[in-house]
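Colleague: Thanks for sitting down with me. Could you walk me through how the labels on this one were reached?

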Amino acid sequence: MELLYFILVCYGMTQIIVYGSIFDKVRPNPEFLRGFGKLFHCPLCMGFHVGWVVFLMFWCSGVQMWNNIYLGCFLCGCLSSGTTYILSMLIDDYGVNVRINNVEED
């Protein structure tokens with residue numbers, strides 16, 4: 001159950017940071033410091049960093065999903081990055097995004 005909470009917290013936090021209008025004035029331009037600002041516009045990249053930060057928050061609150069803190073930070077960052085990206089591609093402002101490609105064979 002902790003893993004589901006972790007994924008939902010990371011998804012929500014990443015969506016707020018990347019797309020939330022509350023951060024429009026503080027979110028850097030994508031050209032900032034040779035592309036460093038792109039981090040704040042990419043759910044895959046931001047999802048990784050949100051993942052290890054949320055893992056540390058869970059760790060400090062007593063929810064320990066892995067015994068090794070360094071391995072946990074890396075694995076939770078990867079888990080958060082992947083699930084956040086998948087969820088952001090499946091769900092957008094208009095609901096569930098389903099695309100079916102029809103390719104005609106010759």
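Colleague: Let's begin with a simple one: in which helix is the place of Q15?

Modeller: Q15 sits in helix α1. Before we go on, please keep in mind that this is a predicted model.

Colleague: Noted! Why does Q15 count as buried?

Modeller: The cut-off for buried is under 20% relative accessible area. Q15 has 17% relative accessibility, so Q15 counts as buried. Leaving aside neighbours within four places in sequence, Q15 is in contact with G20 and S88.

Colleague: What makes the span of α1 close to the expected one?

Modeller: Helix α1 covers residues 2-19, which is 18 residues.

Colleague: How do you know that the buried residues of α1 line one face of the helix?

Modeller: Start with the list: F6, I7, C10, Y11, T14, Q15 and V18 are the buried ones in α1. Looking down the axis of α1, these buried residues fall within an arc of 155°, so they line one face.

Colleague: Over to α3, then. What covers its buried residues?

Modeller: The cover includes α1, α2 and β1. The buried residues of α3 are G72, C73, C76, G77, S80, S81, T83, T84 and S88. As for its span, α3 has 22 residues and reaches 31 Å between its first and last C-alpha, close to the 32 Å expected at 1.5 Å a residue.

Colleague: Why is S80 called buried?

Modeller: S80 has a relative accessible area of 0%, so S80 is buried by the rule of under 20%. Beyond its neighbours within four places in sequence, S80 is in contact with F6, C10, G47, V50 and G51. F58, by comparison, lies 22 residues from S80 in sequence and 14 Å away in space, C-alpha to C-alpha.

Colleague: Why is E31 called exposed?

Modeller: Exposed means over 50%, and E31 has a relative accessible area of 62%, so E31 is exposed. E31 has its place in the loop between α1 and α2. Its C-alpha is separated by 27 Å from that of L90, which is 59 residues apart from E31 along the chain.

Colleague: Last one: which residues make the nonpolar surface patch?

Modeller: L44, Y85, I86, M89, L90, I91, V96, V98 and I100 make that patch, with an area of about 880 Å². Helix α3 gives the largest share, four residues, and I86 has its place in α3.

Note on methods: Residues are numbered from 1 along each chain as its sequence is written. This is a predicted model: local features need pLDDT of at least 70, side-chain atom pairs count only at pLDDT 80 or more; totals for chains, interfaces and linings use all residues. Side-chain values use heavy atoms; hydrogens and water are left out. Helices (H or I, at least four residues) and strands (E, at least two) are DSSP runs, numbered from the N terminus. The expected span of a helix is 1.5 Å times one less than its number of residues. Buried means under 20% relative accessible area, exposed over 50%, partly exposed in between (1.4 Å probe, protein chains only). The arc is that of the directions from the helix axis to the C-beta atoms. Contact means heavy atoms within 4.5 Å. Patches are made of residues with over 30% relative accessible area and no salt bridge: like charges are joined within 9 Å, nonpolar side chains (Val, Leu, Ile, Met, Phe, Trp, Tyr) within 5 Å. Accessible areas come from the Shrake-Rupley method with a 1.4 Å probe; for residues, only the protein chains shown count as cover. A salt bridge is a side-chain nitrogen of Lys or Arg within 4 Å of a carboxyl oxygen of Asp or Glu.
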